[in-house]
Amino acid sequence: MTSSAPRGLQGAYLLGERAGQDELRGRLLDVASHLLVTIGPESLSMRRIATEAGCSTTVIYTMFGSKEGLAEALYLEGFERFRRRLESVPARRNALEHLTALGPAYREAALAEPGYYALMFERAIPGFLPSERARTLARAALNILDRVIADCISSGYIIPTQPRKIADALWAAAQGAISLERAGHLRDSHTYDAVTYATISRYLVDRS
């Protein structure tokens with residue numbers, strides 16, 4: 001009979017190795033994002049990133065395959081970080097309050113991650129176009145909006161319609177205000193709050 005101990009030790013080793021790889025991958029993406037926002041896309045050479053992260057270029061090529069692979073990984077990581085921030089918003093007393101609370105969280109995520117945001121929405125790397133798969137995964141990262149809007153519809157706060165339609169309208173309104181704020185045309189969140197609230201209000205059930 002074969003002892004289970006080696007399998008247990010091997011499993012622990014593999015888990016530790018995977019955790020180390022995930023940590024390194026995250027560090028490499030953070031280094032690349034920082035270089036992108038502080039210096040520009042010309043700084044995103046494998047050698048420069050390896051030097052900044054304290055590893056070999058071989059490690060980066062093994063993880064991402066190419067500069068295009070790195071750019072797509074950055075793109076997806078940005079949306080994943082948005083997803084985590086939105087998912088961390090505590091549930092409110094009702095679905096409409098929860099939806100309203102997601103707005104400030106989205107803006108905070110955008111302003112807190114300028115490097116990722118620039119790549120996700122402003123084509124910060126010339127010539128980079130995410131694959132269809134990456135675009136699908138990116139939009140799926142924001143599915144919490146669809147879910148909470150569906151809850152608002154079920155609870156009678158929002159008129160029955162496709163949740164994705166409302167989510168995309170809200171996303172567009174939010175992005176417009178954030179882009180203006182990042183460009184220095186808006187100094188605070190007042191316009192962002194106004195346009196996102198106006199978008200939600202457009203679909204509210206008339207209770208008069």
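Select residues 45-64 to begin: this stretch is 80% helix and 0% strand, and its end C-alpha atoms lie 13 Å apart. The UniProt annotation "DNA-binding region", from an unreviewed entry, covers residues 45-64; such annotations may be inferred rather than shown by experiment, and UniProt positions follow the numbering used here, with feature names shortened. The model is predicted, so local features need pLDDT of at least 70 and side-chain atom pairs count only at pLDDT 80 or more, while totals for chains, interfaces and linings use all residues. Residues are numbered from 1 along each chain as its sequence is written, and side-chain values use heavy atoms, with hydrogens and water left out.

Next, colour the protein by secondary structure.

Now select helix α9, residues 163-182, which contains E181. At 13% relative accessibility, E181 counts as buried (buried means under 20% relative accessible area, exposed over 50%, partly exposed in between, with a 1.4 Å probe and protein chains only). Display R107 as well: a polar contact of 2.7 Å joins its side chain to that of E181 (a pair of N or O atoms within 3.5 Å, one able to donate a hydrogen and the other to accept it; residues adjacent in sequence count only if both atoms are side-chain atoms).

Finally, select two cysteines. C55 is partly exposed at 22% relative accessibility, whereas C152 is buried at 0%. Zero disulfides are found in the whole structure (pairs of cysteine sulfur atoms within 2.5 Å).

Conventions
Helix = DSSP H or I, 4+ residues; strand = E, 2+ residues; numbered from the N terminus.
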